[in-house]
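The sequence and structure are shown first.

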Amino acid sequence: MARMVVDPITRIEGHLRVEAQVDGGKITDAWSSGTMFRGIELIVQGRDPREAWLWTQRICAVCTMVHALASVRAVENALEIEIPNNARIVRNLISASQYIHDHIVHFYHLHALDWVDITGALKADPAKTSQLAQSISEWPVSSTAYFRGVQDRVKALVESRQLSLFTSGYWGHPAYHLPPEADLLAVAHYLQALEFQREFIRIHAVLGGKNPHLQSYLVGGMTTAIDPNWPDAPLNPERLDFLVQVAGTAKKFVDQVLIPDVLAVAGFYRGWFSLGMGPGNYLSYGAFPQGRIQDTARYFLPRGIILNNDLSKVHPVDPNKVSEYVTHSWYEYTEGNDVSLAPAKGETNPKYTGPKPPYQFLNVEEKYSWLKAPRYDNYVMEVGPLSRMLVAYAAGQPEVKAMVDGALAKLKAPPAALFSTLGRVAARALETQLLANHIVGWIEELRDNMGHGDLQMHNGEKWEPDSWPRSAQGYGLFEAPRGSLGHWVEIEDTLIKNYQIVVPSTWNAGPRDGKGQRGPYETALLETPIADPERPLEVLRTIHSFDPCLACAVHVTDARGRTYARREI
Amino acid sequence: MDFAPAAKTVVVGIGNPIRTDDGFGVHALRRLQRDPRVPPDVTFIDGGTYGLELLCYVSDSTHLLLLDALDVGEPPGTLIRMANGQLRGLPCAASVHQVGLADLLATLPLVSTAPRQTVLLGVQPLSTDWGTELTAPVEAALGPLVEEAVAQLVGWTEEASAARVPAAGSRGL
């Protein structure tokens, strides 16, 4: 019996440590420890609630928009503010394009190298790669000469030791199973996805006023002016044409590159359809309102809960049933160690009791993580694209049902195969396709409204603080690309009194709770075969399939050991 | 070719302004942006903690100036300058977003062929705790760093106008 430590888990955002017990070549128990200390409430307490989103959007590197949106929603919920229809559509478009962007970056740049061996790509025959590419997709960039060119570029990078992007891979690991042609195809698309994301992200420059940090949110709506007769308006007929064009490019890339690649890679790793199952409970707050935000039944991605992998029933979500344990987290609650607290009553009193670094193992019998353990009605919940797609599938959303059934048929797999590491990968890709199918329609809705003279983007009725009650509480629920995100705000005398956030990775990466139940990562790692404990590629596959994001808040560049010019002040 | 592509200078401030010294690059960017000595046509990007998301802003730049907090093990507040070759092979930690800057620099040559001068001006941080203010030694480095940044931008502009002289005598368009 051996204890294995993976710290930090690479190619994720932030710091995550996993300790796993390996027995007979398989993981028999696992502990997930996040090194994030959540302190955003310390930053926003005492501020004007209308500016909270400007601060909360800085919590995370790639999740800025989701924290901005959850924050304005929380304040709108507390102050009972309705937003105009145009603002709803613009918010949906910003979020949907973020999903598409993030999911593609996740697959190609954060996850693909867990399945794709760069050294295999160097051995591939470009002509066979071209044949493979043309057999699975219409995508035109697929000639032998093209793949030979990619191979030469990667070879040159390897030889010049400039391969820093690819340095952490466990190249040549026995768990890699792709034929060399598929390796080369995936590496080529890794590069194409970089170029795709570079162009696609321009959609946010139009909708957000300023990128990378969108400036167009506003409590009560958006600042994105829409005006058919103003050439400089952020949204006018020409800008809408541009958005439609970018959306079309995205749809083509998703249909012809992402989906065929995911299905092809999955086909070579079928064993991973029966590994990596989480707690079997799936939560989605629902996303993309099609009417008023209170009208949750009309969300494009439905709100709901699935329990015990039972797809015959979707349970309703009551936000009041969310609470957090700190039994195994480095915090103290005034009411004791074994209670759980609702986020609205949340406390963040850090108390580190772990070992002093450097250390070998955490004391997992006691507290071992900076993440709290969120639970829904005491159930452990998995969140993310798989949860959203399962809830939509079980709720009978016809398009999702057709897509999921179609993918399962192609993979010759039953619905139960979705409860797995590869199920997460497939669900994320299908969700990308679903949204890519719909954003053009949402842009056209804006065009229709503009045509009918509906130019309203903001509701200013309750903008002035003297129109607010003396105290108010609210929550903003949203599905970030990674999963369920909630902001809870308490306003008193026009200022923020308390603010709490429960982020997707806390749901997935959190530790055991007061009842000893494992968190989703901890459960998903059980039974995972480990070919080589020194190179735990299999652990990365399952952890990365969740798209982890933890303390992506600190970004000091590590340049130790480099040559540089210095000057002391 | 008779003439080089038009110069495009981009300044990116990197860091998280709610994590004290981590936000140094963003604080420096804001101050530099207001400095009247900065040549016209310089593009300023608040890069925050993004990595690859910044590709579209920098991939067509010919001159790239990065402002960042940099851990080199020096006393807090030490100014650091790295250029071109020195920036090659910064430890990526293989995370697209965690060490965004290193990944961004590693990725640039894969998606762009623009000839490029890249300079990074940074400071050794003291703290990256939650907070919206810089610590004292790092705050004290803001002024000197902005001076260096202005000198760099002015230097690039002068080089570019010197380089344009022969092009003016060619056939041109």
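A crossing of two helices is called left-handed if the near helix is turned anticlockwise from the far one by less than a right angle, and right-handed if it is turned clockwise. With that convention, α11(A) passes α12(A) in a left-handed crossing. The model in which this crossing is found is a predicted one.

**Helix pairs in chain A**

Two packed helices are described by the angle between their axes and the distance between the axes. For helix α11 (residues 385-394) of chain A and helix α12 (residues 398-411) of chain A, the axes come within 8 Å and cross at roughly 110 degrees. Angles of 65 to 115 degrees count as roughly perpendicular, and α11(A) and α12(A) are therefore roughly perpendicular to each other. On the side of α11(A), the contact is made by M389(A), A392(A) and Y393(A), while α12(A) contributes V400(A), K401(A) and V404(A). By residue class, this contact of α11(A) with α12(A) consists of five nonpolar residues, no polar residues and one charged residue.

A second pair is formed by helix α8 (residues 180-200) of chain A and helix α10 (residues 237-267) of chain A, which pack at an angle of about 155 degrees with their axes 11 Å apart. Since angles over 145 degrees count as roughly antiparallel, α8(A) and α10(A) are therefore roughly antiparallel to each other. The crossing of α8(A) and α10(A) is left-handed. From α8(A), the residues that make the contact are A182(A), A186(A), H189(A), Q192(A), F196(A), E199(A) and F200(A), and from α10(A) they are V246(A), T249(A), A250(A), F253(A), V257(A), D261(A), A264(A) and V265(A). The contact of α8(A) with α10(A) divides into ten nonpolar, three polar and two charged residues.

F253(A) counts as buried because it has 24 C-beta neighbours inside 10 Å. Leaving aside residues up to four places away in sequence, F253(A) touches F196(A) and L258(A). F196(A) and F253(A) are 57 residues apart along the chain, yet their C-alpha atoms are separated by 7.9 Å.

**Chain A as a whole**

The secondary structure of chain A comes to 16 helices and 15 strands. The radius of gyration of chain A is 24 Å, close to the 25 Å that the globule rule gives for 569 residues, so chain A is as compact as a globular protein of that length. The C-alpha trace of chain A spans about 70 × 65 × 60 Å along its principal axes, and buried residues make up 55% of the 569 residues. Of the contacts in chain A between residues at least 6 apart in sequence, 74% join residues at least 24 apart.

How many of the nine residues of helix α16 (residues 537-545) of chain A are buried? Eight of the nine are, so α16(A) is largely enclosed by the rest of the structure. The buried residues of α16(A) include the charged residues E538(A) and R541(A), and also V539(A), L540(A), T542(A), I543(A), H544(A) and S545(A). These buried residues pack against β1 (2-6), β2 (16-23), α4 (85-111), α13 (421-451) and α15 (520-524) of chain A.

**Chain B**

The secondary structure of chain B comes to four helices and five strands, and along the sequence these follow the pattern β-α-β-α-β-β-α-β-α. Of the 173 residues of chain B, 48% count as buried. Among contacts in chain B between residues at least 6 apart in sequence, 80% join residues at least 24 apart.

**Residues with positive phi**

| Residue | Phi |
|---|---|
| D547(A) | about 60 degrees |
| F288(A) | near 65 degrees |
| D41(B) | near 70 degrees |

F288(A) lies in the loop between β6 (282-284) and β7 (304-306) of chain A, and F288(A) counts as buried because it has 21 C-beta neighbours inside 10 Å. D41(B) is found in the loop between α1 (24-33) and β2 (42-48) of chain B, and D41(B) is exposed, with 10 other C-beta atoms within 10 Å. Both F288(A) and D41(B) take their positive phi as residues other than glycine.

Notes
Residues numbered from 1 in each chain as written. Chains lettered and ligands numbered in written order. Predicted model: local features only at pLDDT ≥ 70, side-chain atom pairs only at ≥ 80, totals over all residues. Helix = DSSP H or I, 4+ residues; strand = E, 2+ residues; numbered from the N terminus. Rg over C-alpha atoms; globule rule 2.2 N^0.38 Å. Buried ≥ 20, exposed ≤ 12 C-beta atoms within 10 Å, placed from the backbone. Contact = placed C-beta atoms within 7 Å. Axes fitted to C-alpha atoms, helices over the stretch in contact; angles between N-to-C directions. Parallel < 35°, antiparallel > 145°, perpendicular 65-115°, else oblique.
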